[in-house]
Number of protein chains: 2
Amino acid sequence: MALDNPTTQAAVTTADKVFEQMLHAIVEGTIKAGSKISEPELAKNYQISRSTLREALNRLEKCHLIERKANVGSRVVECSIAGLLEIYVVREALEGMACRQAAMNMTEDEIIEMQAMLKQHASAKALRDGVSYYQEEGDLDFHYKVILGSHNKQLINILCGQLYHLVRMYRCQFGMNSPRATKAFDEHSRIIEAIADRDGELAEMLMRRHIAASRKNIENKIAQQQ
Amino acid sequence: MALDNPTTQAAVTTADKVFEQMLHAIVEGTIKAGSKISEPELAKNYQISRSTLREALNRLEKCHLIERKANVGSRVVECSIAGLLEIYVVREALEGMACRQAAMNMTEDEIIEMQAMLKQHASAKALRDGVSYYQEEGDLDFHYKVILGSHNKQLINILCGQLYHLVRMYRCQFGMNSPRATKAFDEHSRIIEAIADRDGELAEMLMRRHIAASRKNIENKIAQQQ
DNA sequence: CTTGTTATTATTGTCGACAATACTTGGTTT
DNA sequence: AAACCAAGTATTGTCGACAATAATAACAAG
């Protein structure tokens, strides 16, 4: 599926496969947020040994999707508003920097590819009901490309390897299909321009505003609901 | 020991203890960077089962200190100049943001405590040979306090929980006792001022410059050596 | 002599059982 | 009746052995 993470490599071992299944289950809420994880029960469900289940749990912990306490057990992380805002703060910092680095380090080919992707999104947006499509896959695709374009292993690992699973979880569980789609598209467009101009400073600033705008959009929504 | 990480909680299980031992061994180079890890051999060394060794290895992987490939094994990460610079880039982004958040979220008590710490560092610096002391423990203490002051769980986890082990590893292996000690002290002083003034924007900028200066210092050193 | 193939060895992944710790239930005491 | 203590139950941590995969060595063919 197109949504899949660029850092995930082919699942070869059975622990890998169980990890992926549980990843989807947690992201989509099949395994409820905040629920306790029973090792014997899950091991029976997936028809595997507890050892290999624990291996899978370790990977989930690496993504900050579950939390373990010694001699007590694992819990799926809770989805709180505060937690969501914390993630946005981290994203603003990291993706902003990733964008600056992308402006410095992206190859010409990568830039061309990204521009092509944007054009494709534009037509998709015009043709279809579009909004929801762009919001979901298109937005993630764009952010992934920028992050990978930074050519910074640490940045890529933190953002794509761990943080973005949490982002997807929040999007699923809070049912976010915000009306920012068209606005977000214009912002993406300007960011790519800055990268193509090799203007790292501007690229960082635009990306930070782009993410901060999303955060404020959430904050407003929350404020309205109350 | 004072250097220890604020996020590390008491090691209760044996896997925890082995993890800590290996952590120190890798950071200090007793277990060489880039070397392959033999599970049977290490299990015998620490006199534990392979299962609990693998548990420890999983935690090391979480800190990005080792890398695993399916059906092949684990290797200690390599310490390259490029890798070091990548870490500085991430720190500039994350600690800059942490500093901004600290200016917004730190309690008055925390600020007072941090000011006291700085004063203590100042006297220690004046009295002793100082330079090396301040460089090592004092610098880390300061950065830890700012990060914790952000009150952002994600930031704290990423920085204190994973990245700083790598930072310490690089400091050990590359033998860094740079002559920036006095300059760094002044920079710390100004950063605390900005936080006390609740000026998040300035605090972030100063922290970013502080870290960028360290990075450029390294870059210059490298350039000289060649 | 080099290259490709096969057999052997060693390492990693997985399993089920046991030990240690935490939770629960029932009883006792104030 | 409420709070504390104790025994029993369930869950997690640890262990040693087996199965599957990868690295190595020996051998054969070109």
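A polar contact is here a pair of N or O atoms within 3.5 Å; within protein, one atom must be able to donate a hydrogen and the other to accept it, and residues adjacent in sequence count only if both atoms are side-chain atoms. The structure is a predicted model, in which local features need pLDDT of at least 70 and side-chain atom pairs count only at pLDDT 80 or more, while totals for chains, interfaces and linings use all residues. Residues are numbered from 1 along each chain as its sequence is written, chains are lettered from A and ligands numbered from 1 in the order in which they are written, and side-chain values use heavy atoms, with hydrogens and water left out.

Read from the N terminus on, the elements of chain A follow the order α-β-α-α-β-β-α-α-α-α-α-α. Of the 226 residues in chain A, 50% are buried; buried means under 20% relative accessible area, exposed over 50%, and partly exposed in between (1.4 Å probe, protein chains only). Contact means heavy atoms within 4.5 Å, and among contacts in chain A between residues at least 6 apart in sequence, 78% join residues at least 24 apart.

The interior comes next. In soluble globular proteins, nonpolar side chains tend to be buried together. A nonpolar core is a set of buried Ala, Val, Leu, Ile, Met, Phe, Trp, Tyr and Cys residues joined through side-chain atoms within 4.5 Å. The largest such core has 131 residues, and A:Ile195 and B:Ile195 touch the most other members. Beyond its neighbours within four places in sequence, A:Ile195 is in contact with residues including A:Cys99, A:Met106, A:Val146 and A:Ala203. In chain B, helix α8 (residues 181-196) contains B:Ala184, which is buried with a relative accessible area of 4%.

The two protein chains also meet each other. Chain B and chain A each contribute 33 residues to the contact. Between them they bury about 2,700 Å², 54% of it on carbon and sulfur atoms; buried area is the accessible area (1.4 Å probe) that two parts lose on being put together, summed over both. On the side of chain B, the residues that lose the most area to chain A are B:Lys62, B:Glu86 and B:Gln154, together 19% of what that side buries.

A residue is near a strand if one of its heavy atoms lies within 4 Å of it. DNA strand C is surrounded by 19 residues, of which A:Thr13, A:Thr14, A:Thr52, B:Arg50 and B:Arg54 are the closest. Sugar and phosphate make up 64% of the atoms of DNA strand C that come within 4 Å of the protein.

Phosphate oxygens of DNA strand D lie 2.6 Å from an N or O atom in the side chain of A:Arg54 and 3.2 Å from a polar side-chain atom of A:Lys36.

Methods
Helices (H or I, at least four residues) and strands (E, at least two) are DSSP runs, numbered from the N terminus.
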